[in-house]
Amino acid sequence: MTARADQAGMFPAVLASTVHDIKNSLGILLELTRQLAVKYQDRAEDINQLEFEATHINHTLMQLLVLYKIDADKFCLMIDAYPVIDILNEARDQQSRLSRLNHVEVVIECPDDLLCFCDYPQVTNALATILNNALRYTREKILVSAVEQDGYLRLAIEDDGKGYPSEILDADLSGSVDLDWIGGNTGLGLFFVSVIAALHKNGEQSGYVRVDNRSRLGGARFCLFLP
């Protein structure tokens with residue numbers, strides 16, 4: 001193997017390490033942003049936007065790290081039984097400051113006794129990723145719900161925004177989403193969630209995601225189905 005080939009093979013690992021370092025720095029930036037929000041309340045709107053974008057970047061970096069580990073066969077799910085209400089509350093709590101700053105009400109509908117067999121951190125982070133995106137486009141309210149449907153647990157996030165654009169509705173969300181690196185609308189968040197969903201299996205069933213504009217609030221609806 002040539003030196004050039006060796007260097008090319010090292011690139012994914014170097015990139016993953018760099019992403020990890022950036023995440024650490026971004027965590028410090030987010031904390032400073034929260035301190036500024038308290039000190040400069042007259043600039044709340046600008047600081048709110050800064051925190052929103054920093055949080056979005058943080059989620060994106062986390063997704064890249066997980067996808068790298070999956071591709072390098074260094075990732076496995078840690079499946080256990082969890083109350084679904086805890087999963088939904090955790091996802092909402094991760095975005096609670098942003099929802100308050102944006103004056104968006106996030107409502108949860110879920111039976112207290114409903115259970116989910118899943119990787120808790122990955123599913124909560126996946127839902128928080130979609131919730132973060134919904135906060136960007138919703139107007140006043142987001143509904144997060146969970147029900148059993150056709151042998152699956154369906155976790156849904158619905159908003160009152162303008163709905164998904166046609167390119168998202170027409171995309172293949174089976175875990176092989178075409179990413180538009182040129183136009184900038186990569187759809188990485190949906191791709192990441194679809195990959196995490198597909199890793200959850202029960203016999204012949206695998207998890208999957210669906211998106212549509214059938215929100216009960218009039219906007220977009222995201223659904224994560226876990227077997």
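Accessible areas here come from the Shrake-Rupley method with a 1.4 Å probe, and for residues only the protein chains shown count as cover. With that in place, the chain exposes about 12,700 Å², of which carbon and sulfur atoms supply 52%.

Please keep in mind that what we are looking at is a predicted model, in which local features need pLDDT of at least 70 and side-chain atom pairs count only at pLDDT 80 or more, while totals for chains, interfaces and linings use all residues. Residues are numbered from 1 along each chain as its sequence is written, and side-chain values use heavy atoms, with hydrogens and water left out.

Let me start with confidence. The pLDDT, which is the predictor's confidence in each residue on a scale from 0 to 100, averages 83 over the chain, and 86% of the residues score at least 70. Over residues 1-5 the pLDDT is below 50, and beyond near neighbours in sequence this stretch has 1 contact in the model, where contact means heavy atoms within 4.5 Å. Residues 175-185 also have a pLDDT below 50, with 17 contacts in the model beyond near neighbours in sequence. Where pLDDT is low, the predicted coordinates should not be read in detail.

Turning to the overall fold, the chain has 7 helices and 9 strands; these are DSSP runs, helices being H or I of at least four residues and strands E of at least two, numbered from the N terminus. Of the 227 residues, 42% count as buried, and by buried I mean under 20% relative accessible area, with exposed meaning over 50% and partly exposed lying in between, for a 1.4 Å probe and protein chains only. Among contacts with a separation of 6 or more, 72% come from residues 24 or more positions apart.

Now the sheet. Five strands form an open sheet in the order β2-β4-β5-β9-β8, with mixed pairing, where two strands pair if DSSP finds at least two bridges between them. The edge strands, each pairing on one side only, are β2 (105-109) and β8 (208-212). Strands β2 and β4 run parallel and are joined by 5 bridges, and in β4 the bridge partner of Val106 is Ile142.

Helix α7 (residues 188-199) reaches 17 Å from its first C-alpha to its last, close to the 16 Å expected at 1.5 Å a residue, the expected span being 1.5 Å times one less than the number of residues.

Finally, two loop residues. Most residues other than glycine have a negative phi. His103, in the loop between α4 (96-101) and β2, has a positive phi near 60°, and Asp150, in the loop between β4 and β5, has a positive phi near 55°. Are these two buried or exposed? His103 is exposed, with a relative accessible area of 68%, and Asp150 is exposed as well, at 69%.
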